[in-house]
Amino acid sequence: MSHARKALQLTVWGILVVSFAWASTPAQAQAYKRLMKVGYYARKATEAGKAKHWDEAIKYYKRILEIRPFEGGTYYNLACSYALNGQKQEALEALDNSIRYGWDDPEWLKKDSDLDSLESDARFAKLLKSAE
C-alpha cells in the first residue's frame, strides 16, 4: 500500500502547489479548498493505515472519493484497507474501481501483501487480467 499512498501524496501535494499559484478567483479558491481537504484526508488515511485503524482509513478514503470520484489510486488504497479489515466483497469492488479509473500495475497487484486475502478469489484473478 505504501507505493500507492506515496503516489497519491505526491499527486495531491503537486496539485496543491500549482493550485495555490492560480487561486485568484472565487471558483479557483473553492477548487483550492477542495484540494486542501483532499490533502488533509490523505494524511489522515495514511496515519490511520500506519496505526492499522482500517475503519478510519476507509472513512478518509471515502471522503477523498466524494471530492475526487475518479481517482484510481484512492480506490486502490481503499481496496487495500478493506482487504486488511476483512471486508472481501468491498475490497474487490474498490479494486475493480481502481482499475476502471486508471490503476494499471498488475505486477504490484500480484505482490502487494495487503491484498493476500483476495488471492484465492476467482474475481481477483479476473481483476488482475483486466489490469494488464
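Select K52 first. K52 sits in the loop between α2 and α3. Helices here are DSSP runs of H or I with at least four residues, strands are runs of E with at least two, and both are numbered from the N terminus. The phi angle of K52 is near 60 degrees, a positive value in a residue other than glycine. K52 counts as exposed because its relative accessibility is 59%. Exposed means over 50% relative accessible area, buried means under 20%, and partly exposed lies in between, with a 1.4 Å probe and protein chains only.

A word on the model before moving on. This is a predicted model, in which local features need pLDDT of at least 70 and side-chain atom pairs count only at pLDDT 80 or more, while totals for chains, interfaces and linings use all residues. Residues are numbered from 1 along each chain as its sequence is written, and side-chain values use heavy atoms, with hydrogens and water left out.

**The whole chain**

Zoom out. The chain has seven helices and zero strands. Along the sequence the pattern reads α-α-α-α-α-α-α. Of the 132 residues in the chain, 43% are buried. Now consider contacts, meaning heavy atoms within 4.5 Å. Among contacts in the chain with a separation of 6 or more, 58% join residues 24 or more positions apart.

**Helix α3**

Select residues 54–67. This is helix α3, with 14 residues. At 1.5 Å a residue α3 should span 20 Å, and its end C-alpha atoms are 20 Å apart, which agrees. The expected span is 1.5 Å times one less than the number of residues.

Which residues of α3 are buried? Colour W54, A57, I58, Y60, Y61, I64 and L65: these are the ones. They cover an arc of only 170 degrees around the axis, which puts them on the same side of α3. The arc is taken from the directions between the helix axis and the C-beta atoms. Turn to the other side of α3 and find D55 and E66, which are exposed.

Two packed helices are described by the angle between their axes and the distance between the axes. The axes are lines fitted to C-alpha atoms, for helices over the stretch in contact, and angles run from 0 to 180 degrees between N-to-C directions. Angles over 145 degrees count as roughly antiparallel, under 35 as roughly parallel, 65 to 115 as roughly perpendicular and the rest as oblique.

The crossing of α2 and α3 is left-handed. A crossing is left-handed if the near helix is turned anticlockwise from the far one by less than a right angle, and right-handed if clockwise. On the α2 side, the contact includes R34, K37, V38 and Y41. On the α3 side, the residues include W54, E56, A57 and Y60.

Stop at K44, also in helix α2. K44 is partly exposed, with a relative accessible area of 22%. Draw a C-alpha distance from K44 to E56: the two are 8.4 Å apart in space and 12 residues apart in sequence.

**α4 against α5**

Next, select residues 72–84 for α4 and residues 88–100 for α5. These helices pack at an angle of about 165 degrees, with axes 8 Å apart. α4 and α5 are therefore roughly antiparallel to each other. Their crossing is left-handed. In α4, the meeting residues include G72, Y75 and Y76; in α5, they include A94, L95 and S98.

Is S98 buried or exposed? S98 is buried, with a relative accessible area of 0%. This residue of helix α5 touches G72, Y75, Y76 and W103, not counting residues up to four places away in sequence.

Move along α5 to Q89. Q89 counts as partly exposed, at 37% relative accessibility. Q89 and L118 are 29 residues apart in sequence, but 9.2 Å apart in space, C-alpha to C-alpha.

**Last stop: α7**

Select residues 122–131, helix α7. F124, L127, L128 and A131 are buried here. Seen down the axis, they fall within an arc of 105 degrees, so they line one face of α7. What covers them includes α5 and α6 (106–111). The face turned away from the buried side carries the exposed residues A122, K126 and K129.
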